[in-house]
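Thanks for sending this one over. Here are my notes, written to be read with the model open beside them.

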Amino acid sequence: MIGRTLRHLVLLLGVVVMLAPFVWMVSTSLKPPNEIFSATLSLLPKHWAAAENYATAFGKVPLLRYLLNGVVVTLGIVVLQILTGLPCAYALAKLKFRGREVLFMLVLVGLMIPAQVPAIPRYVMLYQVGLLDSYGALILPFAVSCFCIFLMRQFFRSVPDDLLDAARLDGLGEFSILWRIMLPLALPALVAFAVVSVTLHWNDFFWPLVVIQTPELATPPLGTLFFKNEEAGSDFGPLMAGTVVITAPLVVLFLLAQRRFIEGVAATGLKG
């Protein structure tokens, strides 16, 4: 009983630490400027300025354009990662060929390399082919995901080989087995990966800052920087209102996909 209570207290403390910045962000977006830096601590404003702050956030900068850019970029990345990751994961999990374990070790090595390490070679390559300051510069460098390959490989290893042998006896080729049998079975794992990938690239600030110069191509985090520097200045109410709008799609996505997300994460650990 005491142990369970301690675990719940630790979890509750973790929840408070994680949610406190978001609660403060929402609170700031509702306050007028004179209350944001007030000496007294208050989550709810005495005078509500939500309408003014959110109207300024949408009116002073093309916030909807930033959101649209985020949708295009994250959707493009996730689709390409799934199209490239599924065949690789299937081959590593279910096909026998020389060097398979070495290739899987290279995938694990790729998981350990931070995204900032190959930034300069990527930038030079994009410059050479003339793709800087474009959607291609935001999407193509992330078309292959080592995490997707690893996650889906773990899931595919949990699928019985007898099912695949029966499909081969029915005349299906390996690609047909992948897209007609394995893909429907892998939907929970794919949803789990999609949530992680969308969250990662929606919040990515470093790479768009490097390759994008045109404000109209800015993703949501980079758009927040433009908003702060060019429009908001020290007016933190509209700035926080814009940040709330940018964060809201991720919250909605996780709430809609949380059951599949948990199922997918659990399923990928069934077999090593």
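1. Ground rules. This is a predicted model, in which local features need pLDDT of at least 70 and side-chain atom pairs count only at pLDDT 80 or more, while totals for chains, interfaces and linings use all residues. Residues are numbered from 1 along each chain as its sequence is written, and side-chain values use heavy atoms, with hydrogens and water left out.

2. Overall make-up. The protein chain has 14 helices and zero strands; helices (H or I, at least four residues) and strands (E, at least two) are DSSP runs, numbered from the N terminus. Along the principal axes, the C-alpha atoms fill a box of roughly 75 × 65 × 30 Å. Of the 272 residues, 39% are buried, where buried means under 20% relative accessible area, exposed over 50%, and partly exposed in between (1.4 Å probe, protein chains only). Contact here means heavy atoms within 4.5 Å. Taking contacts between residues at least 6 apart in sequence, 73% join residues at least 24 apart.

3. H8 against H11. Helix H8 (residues 146–156) packs on helix H11 (residues 187–202) at an angle of about 160 degrees, and their axes are 10 Å apart. For reference, axes are lines fitted to C-alpha atoms, for helices over the stretch in contact, and angles run from 0 to 180 degrees between N-to-C directions. The two helices, H8 and H11, are therefore roughly antiparallel; the classes are under 35 degrees for roughly parallel, over 145 for roughly antiparallel, 65 to 115 for roughly perpendicular, and oblique for the rest. H8 passes H11 in a right-handed crossing, a crossing being right-handed if the near helix is turned clockwise from the far one by less than a right angle, and left-handed if anticlockwise. On the H8 side the contact uses Phe147, Cys148, Leu151, Met152 and Phe155, and on the H11 side Ala189, Leu190, Phe193 and Val196. By class, this contact has nine nonpolar, no polar and no charged residues. In that scheme Ala, Val, Leu, Ile, Met, Phe, Trp, Tyr, Cys and Pro count as nonpolar, Asp, Glu, Lys and Arg as charged, and the others, Gly among them, as polar.

4. H4 against H8. Helix H4 (residues 63–94) meets H8 at an angle of about 45 degrees, with axes 8 Å apart, so the pair H4 and H8 is oblique. Their crossing is right-handed. Among the residues in contact are Gly85, Cys88 and Lys94 of H4 and Cys148, Met152 and Arg153 of H8. The contact of H4 with H8 divides into eleven nonpolar, two polar and two charged residues.

5. H4 against H5. The axes of H4 and helix H5 (residues 100–111) come within 9 Å and cross at roughly 135 degrees, so H4 and H5 are oblique to each other. H4 passes H5 in a left-handed crossing. Ala91, Leu92, Ala93 and Lys94 of H4 meet Arg100, Leu103, Phe104 and Val107 of H5. That contact has six nonpolar, no polar and two charged residues.

6. Lysine 94. Leaving out residues up to four places away in sequence, lysine 94 touches Arg100, Phe156, Arg157, Val159, Pro160, Asp161, Leu164 and Arg168.

7. The cysteines. With a disulfide taken as a pair of cysteine sulfur atoms within 2.5 Å, the count is zero. Cysteine 88 is partly exposed at 35% relative accessible area, whereas cysteine 148 is buried at 0%.

8. Aspartate 133. One backbone value to look at: phi of aspartate 133 is near 60 degrees, a positive value in a residue other than glycine. Most residues other than glycine have a negative phi. Aspartate 133 sits in the loop between helix H6 (119–128) and helix H7 (135–139), and is partly exposed, with a relative accessible area of 22%.

9. Threonine 28. This residue lies in helix H1 (residues 2–29) and is buried, with a relative accessible area of 8%. Apart from neighbours within four places in sequence, threonine 28 is in contact with Ile36, Asn53, Phe236, Gly237 and Met240.
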